[in-house]
Amino acid sequence: MTAPIPRDIPDLPTIPGVPALPPSPVPATAVMTPVRHPLTALYRLLVALAAAGAVTIELLLGSPVRILSYFTIQSNILLAVVLTLAARRAWTARRPLPSALTGATLLYITITGLVYHLLLARASSPFAMTGETAPPTGWHWVTDQILHTATPVAAALDWLLLTAPGRLHLRQAVTWLLYPLAYLTLSLIRGELILPGTPGRYLYPFLDVDLHGYKSVLGNALLLGLAFFALAVLLVALDHARPNPVRRRAKTGFRLQPPVG
């Protein structure tokens with residue numbers, strides 16, 4: 001005879017000393033081989049060197065404190081640092097830099113180029129600097145072209161041709177404007193600390209309180225801020241609408257078969 005099967009089977013006790021295995025997600029490198037992009041790294045490094053070289057020449061030719069106060073110089077320094085880091089990641093097949101950083105850098109260097117060509121270097125602009133100082137010559141002309149034209153165009157080409165789309169987000173646009181706002185605040189404080197009548201008290205004509213007064217300067221800043229925000233939104237929209245220039249067919253090491261039956 002056999003013993004009757006109990007209706008309730010008690011739970012087996014746990015084995016002491018055996019830890020529970022934590023969840024182990026499969027890394028992307030297990031199914032996809034990292035790909036180096038040496039040409040992309042070389043391009044970014046050359047652009048970074050051009051920006052850093054132009055900034056260095058400007059520092060050697062003028063007052064370092066004054067030169068470093070320009071938005072143009074600061075945005076080009078940021079571009080040189082970010083592109084150097086991005087070049088290293090492209091060379092070593094690492095993940096790209098955070099989009100919040102690269103998007104902000106693209107916005108600031110684009111602002112540099114647009115403000116220069118539309119407001120400062122345009123003779124018909126009310127804020128043109130062409131009549132205040134003599135046109136740049138020699139090395140000043142070279143650095144002027146690099147910092148205001150070459151590096152903004154090169155940064156835009158890197159974004160359009162060498163980076164995957166859809167990485168910028170609309171929620172980042174507001175945070176990108178914190179730096180221009182901080183620059184405006186520091187520029188006005190700097191102007192108050194310098195004696196009235198000192199040449200170069202305000203670095204940009206649309207921020208010249210002596211010439212326009214605080215009401216007009218703040219109005220100009222508000223209009224520029226709205227334009228910068230619209231530019232940031234436009235960059236995000238274009239980033240999601242443009243095609244993918246770096247799409248490739250990856251070999252994962254296995255093939256998915258259609259379901260049987």
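Me: What is the make-up, by class, of the lining of the largest cavity?
Reply: The lining of the largest cavity has 4 nonpolar, 2 polar and 2 charged residues. Please bear in mind that this is a predicted model.

Me: Which residues line the largest cavity?
Reply: Ser187, Arg190, Gly191, Arg201, Tyr202, Leu203, Tyr204 and Leu207 form the lining of the largest cavity.

Me: And how much space lies in the largest cavity?
Reply: The largest cavity holds about 50 Å³ of space. The structure has 1 cavity of 30 Å³ or more.

Me: Turning to pockets, what volume has the largest pocket?
Reply: Its volume is about 1400 Å³. The lining comprises 48 residues, of which Tyr70, Leu120, Met129, Leu203 and Tyr204 are the closest to the centre of the pocket. Leu203 and Tyr204 are also found in the lining of the largest cavity.

Me: Which elements give two or more residues to the lining of the largest pocket?
Reply: They are H1, helix H2 (64-67), H3, H4, H5, H7 and H8. H8 gives the most, with 6 residues.

Me: How do the residues of this pocket lining divide by class?
Reply: There are 32 nonpolar, 11 polar and 5 charged residues in the lining of the largest pocket.

Me: Let us step back to the overall fold. How many helices and strands are in the chain?
Reply: The chain contains 8 helices and 0 strands. Read from the N terminus, the order of elements is α-α-α-α-α-α-α-α.

Me: What percentage of the chain counts as buried?
Reply: Of its 261 residues, 33% count as buried. As for contacts, among those between residues at least 6 apart in sequence, 74% join residues at least 24 apart.

Me: Next, the largest nonpolar core. Which residues touch the most other members?
Reply: This core has 38 residues, and Leu107, Ile111, Trp176, Tyr204 and Phe206 touch the most other members. Two or more residues each come from H1, H3, H4, H5, helix H6 (171-176), helix H7 (178-193) and H8. H8 supplies the largest share of this core, with 9 residues.

Me: What does isoleucine 111 touch, leaving out residues up to four places away in sequence?
Reply: With those left out, isoleucine 111 touches Phe71, Phe228 and Leu231.

Me: What other core lies apart from the largest one?
Reply: Another core, of 9 residues, lies apart from it, and its members include Val47, Leu79, Ile109 and Ala154.

Me: Ala154 brings me to H5. Where does helix H5 bend?
Reply: Helix H5, which spans residues 139-162, bends at isoleucine 146 by about 40 degrees.

Me: Which residues in H5 are buried?
Reply: The buried residues are Thr143, Asp144, Leu147, His148, Thr151, Pro152, Ala154, Ala155, Asp158 and Trp159. In an α-helix, residues three or four places apart point the same way, because there are 3.6 residues a turn.

Me: What covers the buried residues of H5?
Reply: The cover includes helix H1 (38-61), helix H3 (71-91), helix H4 (99-120) and helix H8 (209-241).

Key
Residues are numbered from 1 along each chain as its sequence is written. This is a predicted model: local features need pLDDT of at least 70, side-chain atom pairs count only at pLDDT 80 or more; totals for chains, interfaces and linings use all residues. Side-chain values use heavy atoms; hydrogens and water are left out. The bend at a residue is the angle between axes fitted to the seven residues ending there and the seven starting there. Helices (H or I, at least four residues) and strands (E, at least two) are DSSP runs, numbered from the N terminus. Buried means under 20% relative accessible area, exposed over 50%, partly exposed in between (1.4 Å probe, protein chains only). Contact means heavy atoms within 4.5 Å. A nonpolar core is a set of buried Ala, Val, Leu, Ile, Met, Phe, Trp, Tyr and Cys residues joined through side-chain atoms within 4.5 Å. On a 1 Å grid over the protein atoms alone, a cavity is a set of points where a 1.4 Å probe fits but cannot get out, and a pocket is an open set with protein on both sides within 12 Å along at least five of seven lines; lining residues have an atom within 4 Å of a point. Grid points are joined across faces, edges and corners, and a volume is the space filled by probe spheres set on the points. Ala, Val, Leu, Ile, Met, Phe, Trp, Tyr, Cys and Pro count as nonpolar, Asp, Glu, Lys and Arg as charged, and the others, Gly among them, as polar.
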